[in-house]
Amino acid sequence: MTTTARVAICPGEGKEFNMAEVTLDDLREDELLVRVVATDICHTDMAVRDQQLPTPLPAVLGHEGAGIVEAVGSKVSAAGVGDRVIMSFNSCGHCPSCEVDAPTYCYEFGPNNFAGRRPDGSATITRDGEEIGGNFFGQSSFATHAIAHERNVVRVPDSAADLPLERLAPLGCGLMTGAGAVLRSMEVREGLPIAVFGTGTVGLAAVMAAKIAGADPIIAVDMHESRLELAKELGATHTVKAGDDAMDRLKEAAPDGLAYAFDTTGVKKVIESVFEQIAPKGILGLVGASPPEDMLKLNEASLMGGGKRVIGILGGDSDIAGFICELIAYHQDGKFPFDRLIEYFDFDDINAGIEASESGEVVKPVLRISPE
Ligand SMILES: NC(=O)c1ccc[n+]([C@@H]2O[C@H](COP(=O)([O-])OP(=O)(O)OC[C@H]3O[C@@H](n4cnc5c(N)ncnc54)[C@H](O)[C@@H]3O)[C@@H](O)[C@H]2O)c1
Ligand SMILES: [Zn+2]
Ligand SMILES: [Zn+2]
């Protein structure tokens, strides 16, 4: 049975997103139809719009959706009809990374998340009979309805029945990434210094997680004063305004060097400068989307001599379901107050949400798509 959905299409060529009616394909045996309640705008959607990431346009983007399952394929066991779910990254389930529960490093990450089609090349979305890009992060949730997959839906635990889906939606990407980078990828140790570059959703999630881990000091760096203020309220012990003297300020706050640095800016100059301040055995974790042609220049002797590590991080090494449920529990304990980052927009105001995110005015714009 095909489904009609109202979606926001990213047309490319610098044009605004526009609303349209499309048809979703029949469900495959491992797919679910989700009525989307809310979905968020993330910097990664903008990176596709600007074609820093290779998803072909026009396409339906959106990759931080939450909603209610309306139908399931015959082999789906992750959730059933009527269940409340959060959607996240998709993965193949059988590569060496998936085998060890590291699905964000799936060998088939691209075909499952960025290709605009299913990995077998079939389209999930058509408009007036013509194929357009879909299956973005296995969901394409800037839409009233989305086709999701057995491996990228997380059933909201019954213990979180009182939390609205419109609040839980961002857990599947930026929040999971920032918190996971600290708690899983870098395994930040109590009492050691961390600097977080960029205090958007990913950076602020890292700041909250650094506080959970007991890092000290926790230094947040950004150019937006309002975001630095929020970083302080969420756990940063020091804030540094980005600029020429930022590295000197870091040295004052952590004179023995940084045990951990986490870059969410993707700015080559920032990454190369902070590398110089990494302490012995320290870790520099990178998540920010950067221009595809950028090449880092790091001093080899310093890398080797200090036993330093520079690591790429995807999805915060989350196993998806387990970690998202862990984050919900931290939230319920008051240790992960990510609702402070959220502002709500109507689905039709998607372009206003994007503008508010890009100006720095709103950290996490969440689109309200249908009532729960
Ligand atoms: N690797 C992953 O798994 C993953 C997951 C989610 C997002 N991302 C990427 O992570 C990045 C951050 O995402 P976000 O949603 O937090 O984005 P965001 O745009 O909300 O936040 C980025 C922040 O960096 C700040 N910034 C920019 N240049 C800076 C500089 N030179 N010094 C200090 N701060 C600077 C900005 O002011 C902004 O506050 C994006 O590039 C996004 O595409 C990666
Ligand atoms: Zn995202
Ligand atoms: Zn895989």
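**A stretch, a sheet and a leucine**

Reply: Over residues 29-158 the chain is 12% helix and 28% strand, and the end C-alpha atoms lie 26 Å apart. Helices (H or I, at least four residues) and strands (E, at least two) are DSSP runs, numbered from the N terminus. This is a predicted model, where local features need pLDDT of at least 70, side-chain atom pairs count only at pLDDT 80 or more, and totals for chains, interfaces and linings use all residues. Residues are numbered from 1 along each chain as its sequence is written, chains are lettered from A and ligands numbered from 1 in the order in which they are written, and side-chain values use heavy atoms, without hydrogens and water.

Me: What order do the strands of the open sheet have?

Reply: The open sheet has four strands with antiparallel pairing. Two strands pair if DSSP finds at least two bridges between them. The edge strands, β1 (3-9) and β7 (130-132), each pair on one side only. The order is β1-β2-β6-β7.

Me: Which residue in β6 stands opposite Thr 23?

Reply: Strand β2 (residues 18-24) and strand β6 (residues 125-127) run antiparallel, joined by two bridges. Opposite Thr 23 stands Thr 126.

Me: Is Leu 230 buried or exposed?

Reply: Leu 230 belongs to helix α7 (residues 225-234). Buried means under 20% relative accessible area, exposed over 50%, partly exposed in between (1.4 Å probe, protein chains only). Leu 230 has 12% relative accessibility, so Leu 230 counts as buried.

Me: How far apart are the C-alpha atoms of Leu 230 and Ala 206?

Reply: Along the chain, Leu 230 and Ala 206 are 24 residues apart. Their C-alpha atoms are separated by 13 Å.
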